[in-house]
Amino acid sequence: MSMTPGNESGRKAEGVASVVGLSTSTAVLGLLLVFTTPKWLVALHHRKDVCFYLSQTLLLLKLASVPLLVAAFGVSMLLYVVAANSANSKENASSANRDTRTRTEVVRKKVNGASKTQQLTQTDVPVAKPRLELTNLTPEELRQKGTQAEKCLDVRAALSYYERAWDLAPDEYELQLLVCKVKCDLAFLIFDTIHDGPMKQFFTCQQGESLEMAEQLILDASQGAEEVAFYTAPKDSTAHTLHALCIGRQILLESQSRRKVYLAKKMQEAASRAVEANPNDDAGYFILARWHNDIASLPSFMKTIVRLVFGSSLKGSFDTAVQCCNKAIELNAKSLVNRVELGRAYTGLRDLQKAKCAYAGAIDLPVDDVNGALYKQLALDDIDRIDRGVPVGSLRRPWWAIGGD
């Protein structure tokens with residue numbers, strides 16, 4: 001749920017006030033109970049038949065006043081935290097269940113309101129931006145224009161075309177997947193550029209394109225892909241592949257380590273479902289190879305921490321990544337990303353000659369979108385590092401690594 005800095009500071013102030021008020025009232029109540037002898041206790045004290053240990057009881061109560069007050073304060077703090085978490089959970093659930101199309105309109109206004117300035121280096125991709133023509137076009141024509149905009153690395157225009165096409169044909173889930181795909185790409189571009197990542201060579205954030213906007217975009221994309229993958233078209237491998245990609249990019253924006261581990265498991269499951277849904281679709285093998293490369297690139301001590309602290313073992317393998325990439329290339333030899341992912345796996349295995357060979361076979365293939373542009377840049381960077389005899393860098397920024405190299 002979006003929140004302005006003013007609203008956030010106001011809520012923090014309200015929270016502090018609640019804690020102070022609750023703590024003060026608890027302390028006063030404890031003092032009254034401990035240091036003020038109740039009238040009925042005084043009356044009992046003057047009776048002959050009352051246990052003579054009553055005076056000792058009063059003394060013990062007074063001696064226990066400090067720990068009792070500390071315990072009361074702790075309970076009050078616990079109640080406050082529980083109440084705050086409950087309120088946040090309800091608020092997040094309400095935000096997540098908001099109508100997807102309504103959120104789309106909000107994001108569209110932000111996206112369309114930003115001017116476009118992009119820089120390309122070393123990738124030899126088209127730079128001409130298509131003129132937006134959203135009226136008097138069929139959904140198929142809009143889809144074609146969106147595809148062309150993606151080849152020009154203009155994800156904002158592609159999003160406008162695909163959204164318009166989906167508005168005209170809301171029952172065509174393929175158009176919904178295209179909308180989700182470019183939202184996922186735009187979210188990654190915003191995030192990576194803000195954190196000074198490699199995508200800054202292809203993209204410049206404009207006013208209004210913030211981490212908050214990226215979070216909303218990736219949330220919309222993930223929910224939309226999941227809806228198609230599980231309900232609308234569960235046998236469509238494209239939906240499961242896109243769902244896995246969205247989950248992987250959710251890991252980037254997630255701040256809680258336990259949640260990252262949970263999402264990593266979900267990503268592997270989604271990628272496996274993509275392969276099962278269509279064993280002849282190279283994209284499923286590619287996304288599974290990408291998962292293995294990113295998990296295997298984690299240092300051993302981090303994997304041990306994950307296993308000990310979270311009770312989970314993430315078993316990524318460069319060898320498995322090589323197998324998945326070879327299968328993807330067998331199914332689609334003209335895919336740039338398949339060959340670059342194979343090069344990444346060989347760099348993980350420290351076989352730099354095979355890595356360079358895989359990269360060399362990729363750099364002359366066509367770039368279809370920002371993902372292809374990124375992968376071509378990774379290949380060029382790694383080839384340059386191999387030639388100069390310095391460590392390669394394409395595996396130094398797994399999806400949960402925040403910031404630059």
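1. Which residues in α15 meet which residues in α17? L336, V337, V340, E341, R344 and T347 of α15 meet N371, G372, Y375, K376, A379 and D382 of α17, where contact means heavy atoms within 4.5 Å. Helices are DSSP runs (H or I, at least four residues), numbered from the N terminus.

2. This is a predicted model, in which local features need pLDDT of at least 70 and side-chain atom pairs count only at pLDDT 80 or more, while totals for chains, interfaces and linings use all residues. Residues are numbered from 1 along each chain as its sequence is written, and side-chain values use heavy atoms, with hydrogens and water left out.

3. The axes of helix α15 (residues 336-348) and helix α17 (residues 370-388) come within 9 Å and cross at roughly 40°. Axes are lines fitted to C-alpha atoms over the stretch in contact, and angles run from 0 to 180 degrees between N-to-C directions. The two helices are therefore oblique to each other; angles under 35 degrees count as roughly parallel, over 145 as roughly antiparallel, 65 to 115 as roughly perpendicular and the rest as oblique.

4. Helix α8 (residues 173-194) and helix α10 (residues 237-253) pack at about 20°, with axes 10 Å apart. Helices α8 and α10 are therefore roughly parallel to each other.

5. Confidence is expressed as pLDDT, the predictor's confidence in each residue, from 0 to 100. The protein chain has a mean pLDDT of 78, and 63% of its residues reach 70 or more. Confidence is lowest in helix α5 (residues 100-112), at a mean of 44, and highest in helix α14 (residues 318-331), at 98.
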